[in-house]
Amino acid sequence: MGNNVNETFDAWGEIASRKLVSKNQKSWKYIYEVCGKTPGNLKKTAIEDGACKYTYERMFHEWERYAAVFSALGIGQSENSRVGILGSVSAEVIFSVYGLNMVGADVSIIPSYSALMPGKVLRTIEDENITDFIITDDFAQVNLICDLLLQSKKLGLKNVIILHIPVTGVTVSLMLTAAQEAKYQYLKGQFRPICMDELLKIYEYYPINYAEDSGSDFSLILHTSGTTGGTGKPVPLSDCAVNSAVAAFYDMSWLELPWDNLVTAVSVDLSNAYGFIDQVHLPFAMGAKVVVAPGGILNPFFYKAIPKHKITFLFTISAMFLRWLKLTDKQQFDFSSLKFVALGGAAVSVSEKKSFLEFMQRNKAGDVTILNGYGVSELGGACCLSTKDIEDGAIGYPIPGVNVRLYDDERKCFLAPGTSGEGALYLNSPAIATLSLDGKDVVKAEFIDDVPYICTNDLVHVDTDGKINFLGRAGRYFINEDGKNFDAGRVENEFAGMPDIESCCIVPVYIKTTHDNIPMLCVKMNTEMECSKDAFLRILKQIYIDEKKLGADNIPVRVKIVYEMPRNGNGKIDLYKLGSEEVGGFVYTVEVKKKKGLVHSFKLVPYEDGPADMIKEVFDGLSAELKESLPHNNIK
């Protein structure tokens with residue numbers, strides 16, 4: 001932020017007053033105190049959801065209305081309630097989260113793609129000791145609602161609530177709006193007593209059982225990406241952690257946000273820290289307007305929300321721009337309102353950032369700042385952010401309060417604090433998650449000098465000025481949904497020993513729709529490129545079927561047969577270039593055929609990032625077994 005902006009902001013008294021607000025209180029009250037005490041702020045728009053607008057004053061009232069319903073239903077702190085929410089990005093889900101926080105109920109936001117797997121939803125309810133359940137009508141299939149009601153005693157559920165989400169706005173068609181409304185009216189006819197709009201009428205004046213001001217250690221339970229076939233692992237965060245995660249931005253004086261006109265949008269699922277904390281709680285703490293578009297970036301028409309709502313800053317992922325770049329020239333983009341874009345979720349190359357900037361400038365953008373971001377769910381979201389003057393692909397500098405330690409795998413020790421060098425990245429901050437949930441260890445931490453640090457499993461280089469550069473995956477392993485290791489080191493060793501392979505390496509590939517890293521095996525073959533696919537299939541068969549050198553847990557999800565294996569200045573394989581699509585080659589998805597539970601054969605299916613159909617990508621990531629159980633199995 002420049003000096004002039006600082007002076008203007010200090011004149012308002014905003015930053016100084018917000019810094020004084022206690023972070024050790026309920027999340028709803030923190031937002032109320034940082035934004036709600038200034039009359040001018042109360043009249044500002046807090047949420048725009050399609051055709052619906054809510055000022056901060058009205059939004060706070062909606063929190064109270066929802067809290068009254070929860071109090072009437074016996075949901076709250078005194079009942080040790082933990083409420084699961086399965087729903088789309090919407091104002092109503094946001095109202096539910098803060099209303100539940102008012103009454104002191106823990107809130108577990110379940111990844112939205114879990115709606116495709118009713119069995120997973122039921123197991124999550126049991127695993128996380130969820131006492132009450134809220135589901136939005138767009139995800140509320142009749143069979144799932146019936147299962148929840150019929151098995152409520154077994155599951156320990158006291159209440160099941162259906163939340164109506166009006167689907168409106170420029171990013172959806174009138175046909176979709178009408179279809180969603182018709183679906184809700186049908187559901188309402190079947191389950192009227194548990195629909196939130198009915199409950200709001202019945203309990204409009206019910207007294208709210210406010211929770212104690214001190215926050216809970218499990219106030220908000222978010223989820224890691226897990227795998228595309230799972231619901232992710234729970235990440236419990238205290239109210240203090242959630243508030244600390246956003247308060248750090250008050251100390252980032254260099255951040256050149258459009259402070260005089262803060263308008264942003266929710267682009268990703270609310271079940272992860274990037275979605276709820278960075279794209280909802282943080283903007284509220286800034287007094288910004290939050291735009292909600294149905295489906296977020298899964299919605300192919302999300303771009304229409306930018307000029308319609310005059311969005312000025314956006315925390316999103318590179319996948320959104322990559323999809324837009326592939327749309328036809330007939331699409332009408334207008335980025336004239338955008339001033340600031342932060343890209344998180346995956347490393348972004350210099351060439352990618354340049355192409356995104358040029359794309360926006362071709363479509364009416366003016367002076368736009370694009371920064372790389374880096375976050376960890378277990379630390380409440382954003383942890384590092386680049387600066388405007390960084391021209392390389394660095395992930396930037398730690399945000400205020402984030403502490404960095406590096407583990408040198410060769411010397412088997414942690415480097416001293418503040419030391420430059422290369423190693424596995426460990427992070428700590430006041431926003432660190434609660435390590436256990438109901439007596440079970442759910443977040444793994446390494447205690448360094450009696451301080452808990454989260455291992456990111458990323459290999460980085462830290463410069464003398466503290467700038468962090470992403471190098472690739474550290475530890476060389478990934479965790480699948482069953483908690484089993486995919487041992488990248490063993491896989492590399494086995495493939496490297498095959499005569500037809502010149503060199504190979506495992507790199508993490510980011511699945512944009514589910515915030516998930518999967519292992520991609522990159523190989524440089526000794527054979528001609530036109531013969532490389534058949535040669536690689538023979539190698540797969542030899543390793544996994546004929547000689548059984550590796551088990552099914554260690555089959556790579558994706559394979560890239562490259563023309564050349566890139567090397568860095570030290571002669572090592574350049575993991576970053578391999579993962580950033582700068583290296584040419586053929587990319588395949590590895591399809592595994594099994595008989596009686598044993599691997600029988602393989603098929604390499606060409607992988608194309610394709611047209612802007614991100615919903616299809618969700619299905620592409622689902623297991624074959626799941627696909628066969630869905631009525632959507634005609635999706636190719």
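Our tour of this predicted model starts with two helices, α5 (residues 56-72) and α6 (residues 91-103), which pack at an angle of about 65 degrees with their axes 8 Å apart. Their crossing is right-handed. On the α5 side, the residues that meet α6 include M59, F60, W63, Y66 and F70. Among their counterparts in α6 are I94, F95, Y98, L100 and M102. Sorted by class, this contact has 12 nonpolar, 3 polar and 3 charged residues.

Next comes a sheet. In which order do its strands lie? The 5 strands run β11-β12-β13-β14-β15, forming an open sheet with mixed pairing. Because β11 (313-317) and β15 (397-398) stand at the edges with a single partner strand each, one side of each has no neighbour in the sheet.

| Helix | Strands touched | Angle with the direction of β11 |
|---|---|---|
| α13 (residues 273-286) | β11, β12 and β14 (381-385) | about 170 degrees |
| α15 (residues 318-325) | β11 and β12 | about 90 degrees |

Within the sheet, strand β12 (residues 340-344) pairs with strand β13 (residues 369-376) in the parallel sense, over 4 bridges. As background, strands of a sheet pair through backbone hydrogen bonds, either parallel or antiparallel.

What does L149 touch beyond residues up to four places away in sequence? Its contacts there are V160, F191 and I194. From L149 to V160 is 11 residues in sequence, and their C-alpha atoms are 7.2 Å apart in space. L149 is partly exposed, since its relative accessible area is 35%, and the cut-offs for that class are 20% and 50%.

The last stop is helix α18 (residues 529-546). With 18 residues at 1.5 Å a residue, α18 should span 26 Å, and its end C-alpha atoms are 24 Å apart, so the two values agree. Which residues of α18 are buried? They are M529, S532, A535, F536, I539, L540, I543, Y544 and I545. After α18 comes K548, which has a positive phi, near 50 degrees.

Terms used
Residues numbered from 1 in each chain as written. Predicted model: local features only at pLDDT ≥ 70, side-chain atom pairs only at ≥ 80, totals over all residues. Heavy atoms only, no water. Pairing = 2+ DSSP bridges. Contact = heavy atoms within 4.5 Å. Axes fitted to C-alpha atoms, helices over the stretch in contact; angles between N-to-C directions. Buried < 20%, exposed > 50% of the residue type's maximum accessible area, 1.4 Å probe, protein only. Expected span 1.5 Å × (residues − 1). Left-handed = near helix turned anticlockwise from the far one by under 90°. Nonpolar A, V, L, I, M, F, W, Y, C, P; charged D, E, K, R; others polar.
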